[in-house]
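Subject: Structure for your review

Dear colleague,

Please find below the structure that I am handing over to you. My notes on it follow directly after.

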Amino acid sequence: MEAAVKPVTSDAPAELESFSPIDGARLGSVQAADPAEVQSAVDDVAEVQPFWAQLPLADRARYMRRAGQAIIDQLDDLATLLTREQGKPRNESYSMELVPTIDALRWLAEAGPGILSDERVAMPVFMKQKRSRHTLEPLGVVGVIAPWNYPWSIPFGEVAFALMAGNGVVLKPSELTPLIGQRIQDTFERAGLPEGLVRTVHGDGAVGQALVESSVEKIFFTGSVEVGKRVGMACASRMKGSVLELGGKDAMIVCADANLPNAISGCLWGGFANAGQTCAGIERVYVEREVADRFVEGVVAGAKALRVGDPRDWDTEVGPMVSTEQLEIVRSLVDDAVAAGATLRCGGQRDLPGLPGVGAYAPAVLTGVTPEMRIMREEIFGPVVPITVVDSLGEAVELANDSEFGLGASVWTTNRAKSERLARRLDAGMVWANDHMYSHGAVSCAWGGVKDSGLGRSHAKFGLLEGTNVKLMSWEPSRTRNFWWHPYDESLGRALHSSAQLLYGRDSDKPAALRRGAGPLLRLARKSLRGAFRR
Ligand code: NAD
């Protein structure tokens, strides 16, 4: 049975039911929003947000710490729900979802106030009497639209960053994972944040679209390229911003001097964690010929040894796919590659005994793939690692960059200088050496991609700034008149010409510039000081 949802219709508020991909069991339901009601949720949050925005940064930071404690207090319960609703192995619910968000809240509490505080601006030499500051104001109410693959850590992070910056949030979780999505709002309420500052609207794409079209000031969208582009365009046409975290086709480059056992283990984790349903999962491997046989052998043996089964068991390493649709996408891409001449070295669709849910796809390794195959161009979003042997690192970089995506990439070598040289040549938002994708769990690091993988950044100071309006506030003591004000005469242009040479020009021109400019500069100085004596 698939993890289906009841369709949301616009004529009546419906229930949105959630089914486990493990065994098809009905886990519960939430109230689905009618798209027509989304604006009123935004309006409700807008009533509360101004009070939150008034809170000093140190107080907002205290709430972030409390939210971290609120997660700790329900950790096992949340992990169980995550695994049951989305299907990721129990250990990954802790390691890839929950614990990173506790650390994210701590980071926001510690680093947030410094990043969000006013910043003094150094003024040009012509304007030294003025005092200027950049102040970072909250946007107001923002919308967060989330996917199902990391239904906790992705939206939780977006919501927490927006709140720390002083915003209110309307969250639209994925329709496949509404129960865990609802727990995000509940957790902030448990932590004592003002009720109504975070509201959740449940439903499918129509509800997401209504949120985009509502009066929210910005949309933080994570999901597919196709929907993301539509969301970005709809936001642009309303003059509102969007941060788009979209799909990926990450490459792993294995150099001949890599620590091979580590590269093999890293490939297994980067390719098969969360059953490969990770935007920055390894989707292509380019390995230097010298070590290719040993690498392929190790990855195939390791993939066969991964334990596929009930994700509620502690030792399961690969659980079921989230839905029959997702399973079908993976199956068809692998079948297409094999029909085009690739070799499936291991893996494939597999029922899980006693678990009549979606079913699993056992970790698959493909060799003999070529760049034009669909599996090398489209996002797989499943536990499949296609491996290509290359004759040089130049060829590896060229093939890695030959993609519409540009989320992450990794380089595996024991030579740090080489890893940095390769990193600079890769078209990606993130390049990791001797690891892959882990940095989503370290929110001090920026997250995001180039090309079709998205726009803007989550996490780090950049993620906080995405939730703010930068306002310039400038003070002029008003003791003098600006020399560029009216009335105009020849002395202004002449004085500026000389000043440009004196301040920024070559040294040999300066004496002549001073001779030519002395008169006009004196006249300008007199004009400026006139205001000072007139008071
Ligand atoms: P999706 O695009 O189908 O849906 C994402 C969200 O958008 C869901 O909540 C959905 O209901 C909503 N939505 C659908 N149509 C909409 C519309 N017209 N307007 C507004 N909202 C709409 O993606 P998905 O299948 O849930 O997630 C998988 C995709 O997300 C993959 O492509 C994956 O690579 C990507 N992803 C990217 C990142 C990243 O950080 N770059 C992280 C996780 C997932």
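How many residues does helix α9 have, and how far does α9 reach from its first C-alpha to its last? Helix α9 covers residues 260–272, which amounts to 13 residues, and spans 18 Å between its end C-alpha atoms. That reach is close to the 18 Å expected at 1.5 Å a residue. Please bear in mind throughout that this is a predicted model.

The buried residues of α9 are Leu260, Ala263, Ile264, Gly266, Cys267, Leu268, Gly270, Gly271 and Phe272. These buried residues pack against strands β10 (250–254), β11 (282–288), β13 (355–367), β14 (384–390) and β16 (408–412), and also against helix α10 (289–305). Just after α9, Asn274 adopts a positive phi of about 55°.

Helix α8 (residues 225–237) also has 13 residues. From first C-alpha to last, α8 reaches 18 Å, close to the 18 Å expected at 1.5 Å a residue. Its buried residues are Val225, Gly228, Val231, Gly232, Ala234 and Cys235. The packing partners of the buried residues of α8 are α7 (205–213), β8 (218–222), β9 (241–245) and β15 (405–406).

Residues with positive phi

Just after α8 comes Met239, with a positive phi of about 55°. Met239 is a residue other than glycine, and its place is in the loop between α8 and β9. With a relative accessible area of 77%, Met239 is exposed.

Met437 likewise has a positive phi, near 60°, and is a residue other than glycine. Met437 is found in the loop between β17 and β18. Is Met437 buried or exposed? Its relative accessible area is 5%, so Met437 counts as buried.

The ligand

Which residues come nearest to the ligand? Of the 29 residues around the ligand, these are Ala146, Lys172, Ser224, Leu246 and Glu379. For Glu379, a polar side-chain atom lies 2.5 Å from an oxygen atom of the ligand. For Ser224, an N or O atom of the side chain is 2.6 Å from an oxygen atom of the ligand. Glu175 places a polar side-chain atom 2.7 Å from an oxygen atom of the ligand. Taken alone, the ligand exposes 850 Å², and the protein buries 89% of that.

Ser174 sits in the loop between β6 (168–172) and α6 (178–190). At 4% relative accessibility, Ser174 is buried.

Aromatic pairs

The structure holds nine aromatic pairs. One of them joins Trp432 and Trp447 in a tilted arrangement, at 6.2 Å centre to centre and with 35° between the planes. Trp432 lies in strand β17 (residues 430–433), whereas Trp447 lies in the loop between β17 and β18 (450–451), so the pair ties together parts that are 15 residues apart in sequence. Trp432 is buried, with a relative accessible area of 5%. Trp447 is also buried, and its relative accessible area is 5%. Elsewhere, ring pairs link Phe126, Phe483 and Trp484 into a cluster.

Two further sites

A cis peptide bond joins His486 and Pro487, with omega of about 0°. Pro487 is found in the loop between β20 (468–475) and α16 (490–504).

Where does Gly347 lie? Gly347 is part of strand β12 (residues 343–352). Its relative accessibility is 36%, so Gly347 counts as partly exposed. The C-alpha atoms of Gly347 and Ala364 are separated by 4.0 Å, although these residues are 17 residues apart along the chain. Not counting residues up to four places away in sequence, Gly347 touches Ala362, Pro363 and Ala364.

Yours sincerely

Key
Residues numbered from 1 in each chain as written. Predicted model: local features only at pLDDT ≥ 70, side-chain atom pairs only at ≥ 80, totals over all residues. Heavy atoms only, no water. Helix = DSSP H or I, 4+ residues; strand = E, 2+ residues; numbered from the N terminus. Expected span 1.5 Å × (residues − 1). Buried < 20%, exposed > 50% of the residue type's maximum accessible area, 1.4 Å probe, protein only. Contact = heavy atoms within 4.5 Å. Near = heavy atom within 4 Å. Polar contact = N/O pair within 3.5 Å; in protein donor to acceptor, adjacent residues only side chain to side chain. Areas by Shrake-Rupley, 256 points an atom, 1.4 Å probe, with all protein chains shown as cover. Phe/Tyr/Trp six-rings, centres within 6.5 Å; stacked < 30°, edge-to-face > 60°.
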